[in-house]
Amino acid sequence: GRAEALPLRNGSADAATVAQAFHWFEGPTALREIRRILRPGGGLGLIWNIRDESVPWAADLTAIIERHRGDTPGSLLTDWKAWFGPSSGFGPLEHRTFAFGHSISRDAVLDRVLSISFIATLPDPAREAVRSEVLALLARDPLTRGRDTVVVPYRTDTYVTRSAREEPDHALHERLDVTEQVSRGGVDDVL
C-alpha cells in the first residue's frame, strides 16, 4: 500500500513508523490514513538521518549535492510540520536528535552521492562534474584528506506523536470483551 491508502483495518495498529520518507507523502491525506489505522493514543514515529552540517566538509558536501536538487522534495525543504496542526488528529510532536558517524570508504562516499536520484539522472558531463567536486573536497579537507576511510557525520532526527483520536465507548467495550474471553481460554470463539 501507500501511506495514503494503507491495507490495514481501522484501529489495528499500536504504532506506525516512517523513516526517510514522510516528506514524500501527501501530508494531510497520509495523516488521516495513519490516524485511521492507529488505535486511540497510538504512536507515530518519524525518522530522518541527515548529514551534520556543523562539520564544514559535510556542509560543503551538502552544497555540492543541493545545487542539483531542483524541485525534488527533501525533509528540510518541505514544511511537513505544518501538517500537524490542531485539526490533524495528532498531539504535539516531540523531537529528539542523536549524533552518529558513519565510517565508510572514500569510494563509498562518492558512490552514495552519485546514487542520489537527482544526481544519478544528470547528463554524463554534469554527473562527472559532481564526481570531480566530491573528490576535490575529500582531497582538501583535513578530516578526509589522505584517508581511505572517512567518518560521515550524521544526526538522526526523531519525531514522536500520538493519535488524539478518541475511541468510541462501544469499541472499547468490544475490545475489553474480547480480551476477557481470550484470558478465559475462549480463543476459538473470539478468533
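**A first look at the chain**

Visitor: What should I make of low pLDDT?

Guide: Where pLDDT is low, the predicted coordinates should not be read in detail.

Visitor: Where in the chain is confidence lowest, and where is it highest?

Guide: Helix H7, residues 187-190, has the lowest confidence, with a mean of 36. The highest is in helix H5, residues 124-140, at 97.

Visitor: And what does the chain average?

Guide: The average pLDDT is 84, and 82% of the residues score at least 70.

Visitor: OK, layout. How many helices and strands are there?

Guide: The chain has seven helices and four strands. Read from the N terminus, the order is β-α-β-α-β-α-α-α-β-α-α.

Visitor: What share of the contacts links residues 24 or more positions apart?

Guide: Among contacts with a separation of 6 or more, 83% are between residues 24 or more positions apart.

Visitor: What about the inside? How many of the residues are buried?

Guide: Of the 191 residues in the chain, 35% are buried.

Visitor: And which residues have the most contacts inside the largest nonpolar core?

Guide: Those are Leu61, Val109, Ile119, Val130 and Val134, in a core of 22 residues. Two or more residues each come from helix H2 (56-66), helix H3 (106-115), helix H4 (117-120), H5 and strand S4 (149-162). H2 supplies the largest share, five residues.

Visitor: What does Leu61 touch?

Guide: Beyond its neighbours within four places in sequence, Leu61 is in contact with Arg51, Val109, Val113, Val134 and Leu137.

Visitor: What other core is there?

Guide: Another core of 19 residues lies apart from that one, and includes Ala16, Leu44, Ile50 and Trp80.

Visitor: Changing topic: how many salt bridges does the structure hold?

Guide: It holds eight salt bridges.

Visitor: What does Arg67 pair with?

Guide: Arg67 forms a salt bridge with Glu133, and their closest N and O atoms are 2.1 Å apart. Arg67 is in the loop between H2 and strand S3 (94-105) while Glu133 is in helix H5, so this pair ties together parts 66 residues apart in sequence.

Visitor: Is Arg67 buried or exposed?

Guide: Arg67 is exposed, because its relative accessible area of 51% is over the 50% cut-off. Glu133, at 30%, is partly exposed.

Visitor: What about Glu66 and Arg69?

Guide: Their side chains meet in a salt bridge at 2.7 Å, N to O. Glu66 is partly exposed, with 30% relative accessibility. Arg69 has 15%, so it counts as buried, which means under 20%.

Visitor: Which residues are linked in a network of salt bridges?

Guide: Arg2, Glu4 and Glu26 are. Arg2 is in the segment before strand S1 (13-19), and Glu26 is in the loop between S1 and helix H1 (27-37), so the two are 24 residues apart and link distant parts of the chain.

Visitor: How exposed is Glu26?

Guide: Glu26 counts as partly exposed, at 47% relative accessibility.

Visitor: Last one: what does the accessible surface come to?

Guide: The accessible surface of the chain is about 11400 Å², and 53% of that belongs to carbon and sulfur atoms.

Methods
Residues numbered from 1 in each chain as written. Predicted model: local features only at pLDDT ≥ 70, side-chain atom pairs only at ≥ 80, totals over all residues. Heavy atoms only, no water. pLDDT = per-residue confidence, 0-100. Core = buried A, V, L, I, M, F, W, Y, C linked by side-chain atoms within 4.5 Å. Buried < 20%, exposed > 50% of the residue type's maximum accessible area, 1.4 Å probe, protein only. Contact = heavy atoms within 4.5 Å. Salt bridge = Lys/Arg side-chain N within 4 Å of Asp/Glu carboxyl O. Areas by Shrake-Rupley, 256 points an atom, 1.4 Å probe, with all protein chains shown as cover.
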